[in-house]
Amino acid sequence: MPMAVGVIETLGFPAVLAAADAMVKSAAVTIVYYGQAESARLLVAVRGQVAEVKRAVDAGILAGEEAYGGKVITHYIVPNPPENVETILPIHFTSKSEPFRI
């Protein structure tokens, strides 16, 4: 089953919180990474089947933009990332995310 990774970068914490909340509520995805890109830019990454990640990212973008003062800076989806990308970048399932894996 092809797995994808989707990431949303926002300006400010309320927007990334709204995006993460909407992503896990709208589709069968698991948050695998959250971090600060720079300054007030934050990002959240999810994993799941390709169609689920697309649905989650769409919902996350909408929610992030609707958060008071929120702004989605950028977003991207990688369907079926290669092993090299999964090994090097922080997008794989970890012991913290594994209990929530769908």
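Q: Is serine 39 buried or exposed?
A: This is a predicted model, where local features need pLDDT of at least 70, side-chain atom pairs count only at pLDDT 80 or more, and totals for chains, interfaces and linings use all residues. Residues are numbered from 1 along each chain as its sequence is written, and side-chain values use heavy atoms, leaving out hydrogens and water. Buried means under 20% relative accessible area, exposed over 50%, and partly exposed in between (1.4 Å probe, protein chains only). Serine 39 has a relative accessible area of 66%, so it is exposed.

Q: What is the phi of serine 39?
A: Look at the loop between strand 2 and strand 3, where serine 39 sits; strands (E, at least two residues) and helices (H or I, at least four) are DSSP runs numbered from the N terminus. Strand 2 and strand 3 form a hairpin there, with two residues between them. Serine 39 is not a glycine, yet its phi is positive, at about 45 degrees.

Q: How many bridges join strand 1 and strand 3?
A: Two strands pair if DSSP finds at least two bridges between them. Strand 3 pairs in the antiparallel sense with strand 2 (residues 29–38) over eight bridges, with threonine 30 opposite arginine 47. Strand 1 and strand 3 are antiparallel too, and leucine 11 has arginine 41 of strand 3 as its bridge partner. The number of bridges between strand 1 and strand 3 is nine.

Q: How many of the nine residues of strand 3 are buried?
A: Strand 3 is largely enclosed by the rest of the structure. That is because its buried residues number seven.

Q: Which residues touch the most other members of the largest nonpolar core?
A: A nonpolar core is a set of buried Ala, Val, Leu, Ile, Met, Phe, Trp, Tyr and Cys residues joined through side-chain atoms within 4.5 Å. Strand 1 (3–11), helix 1 (13–26), strand 3 (41–49) and helix 2 (50–66) each give two or more residues to the largest one. Valine 53, leaving aside neighbours within four places in sequence, is in contact (heavy atoms within 4.5 Å) with residues including Val29, Val46 and Ile77. Of the 16 residues in this core, those that touch the most other members are Ile8, Met23, Val29, Val44 and Val53.
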